[in-house]
Amino acid sequence: MVTMIDKLGKARPRHPEKQKNPDSEILRKPDWLRVRAPGLGEYQNTAKLVKNLGLHTVCEEAACPNIGECWSKKHATMMILGDTCTRACAFCNVKTGKPGPIDIDEPKKVAEAVAQMGLSHIVITSVDRDDLDDGGALHFANTIQEIRKATPHTTIEVLTPDFLRKKNAVEIVIDAKPDVFNHNIETVPRLYLSIRPGARYYSSIRLLERVKERDACIFTKSGLMVGLGEDKQEVMQVMDDMVAAGVDFLTIGQYLQPTRKHAPIDRFVTPDEFKSLEVIAYSKGFHMVSSSPLTRSSHHAGDDFEKLRQNRMSAQK
Ligand code: SF4
């Protein structure tokens, strides 16, 4: 169990709502999921910069297996709106609970980090903020604006929550014109109640569709985790729903269980099966697909954005 010490010096579990869950054994990873431990050099520089500016990254908070590779290439995914999430998804390692107030200087700090790192592409994500009237949409928009001011040539990708029951929130983010609007579907509809209990499958699909309706120039992107107990037909149905909603880019990666209290892994999907899902997804009409055991929404996001742009241009010729 991961515990933290709160301001009153009391130990508090990182995921209080999960403490009632039975422990489930964490399966040993197959060779194709083994990664090198984070190193020194550029990795340390990225870590220092993030720490000095008081920023949060999903790379650390979600215990992403790619952190060694990404941070060594100065690629980090900034997590705005604090480090505490108001949802309790069964797959996610981000701390849950009652969040603190928003840091209104955070958009400027993120822009400063992007400038200092000299990034050509940045991914901004956030915790869920169901406690805020707009779900944090304006804070996303302010962050986009500050990055545009500081480094106008940096392309911006947002990976947003679902803004469930937050009227007009998604429109605020769309109108700030990110280059890529990503919202992860995460899993098949049958598993929503156990894996993503605070979310609604069709609201998430509708959010992606809304982005295209309002601004067709913005690229849309969404992701799925596999290995949670879904079957292939269900994954193909989600692909169809995404294509119907105009999603340009699909990512598919292996679910990894963060702690014994999280949802157990049903199975490890093999690299060949990932390849087969990639072929199927392209045949369904996505402009870009990344499907591999270690694929994550923001893995290689900059390079993939360039490919996506070219693929869409070729398709329009
Ligand atoms: S894949 Fe994304 S979340 Fe993981 S380390 Fe890389 S940038 Fe961070």
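**View 1. Helix 11 and the strands it rests on.** The buried residues of helix 11 pack against strand 5 (121–126), strand 6 (155–159), strand 7 (180–182), strand 8 (219–226), strand 9 (249–254) and strand 10 (288–291). Contact here means that the C-beta atoms of two residues, placed from the backbone, lie within 7 Å. Helices (H or I, at least four residues) and strands (E, at least two) are DSSP runs, numbered from the N terminus. A quick note on what you are looking at: this is a predicted model, in which local features need pLDDT of at least 70, side-chain atom pairs count only at pLDDT 80 or more, and totals for chains, interfaces and linings use all residues. Residues are numbered from 1 along each chain as its sequence is written.

The buried residues of helix 11 are A301, D304, F305 and L308. They cover an arc of only 105° around the axis, which puts them on the same side of helix 11. The arc is that of the directions from the helix axis to the C-beta atoms. Turned away from that buried side is a face with the exposed residues D303, E306, Q310, M313 and S314. For burial, count the other C-beta atoms within 10 Å of a residue's own, all placed from the backbone: 20 or more is buried, 12 or fewer is exposed, and in between is partly exposed.

View 2. Eight strands form an open sheet in the order 3-4-5-6-7-8-9-10, with mixed pairing. Strand 3 (56–57) and strand 10 are the edge strands, as each pairs on one side only. Two strands pair if DSSP finds at least two bridges between them. Strands 8 and 9 run parallel and are joined by six bridges, with S222 opposite L250 of strand 9. Strand 9 also runs parallel to strand 10, through four bridges, and here L250 stands opposite V289. In strand 10 both faces are covered, with M288 and S290 buried on one side and V289 and S291 buried on the other.

**View 3. Strand 6, covered on both faces.** Five of the five residues of strand 6 are buried. T155, E157 and L159 lie on one side, and I156 and V158 on the other. Strand 6 pairs with strand 5 in the parallel sense over five bridges; look for V158 as the bridge partner of I124.

**View 4. Helix 9 and its two sides.** The buried residues of helix 9 are V238, M239, D241 and M242. They cover an arc of only 165° around the axis, which puts them on the same side of helix 9. Their packing partners are helix 8 (201–214), strand 8, strand 9 and helix 10 (271–284). On the other side of helix 9, Q233 and D240 are exposed. Just after the helix, G246 takes a positive phi of about 80°.

**View 5. The shell around the ligand.** Surrounding the ligand are V58, C59, C64, N66, I67, C70, H75, A76, T77, R296, S298 and H299. By class, the shell has six nonpolar, five polar and one charged residues. Ala, Val, Leu, Ile, Met, Phe, Trp, Tyr, Cys and Pro count as nonpolar, Asp, Glu, Lys and Arg as charged, and the others, Gly among them, as polar.

Technical notes. A residue is near a molecule or strand if its C-beta atom, placed from the backbone, lies within 6 Å of it.
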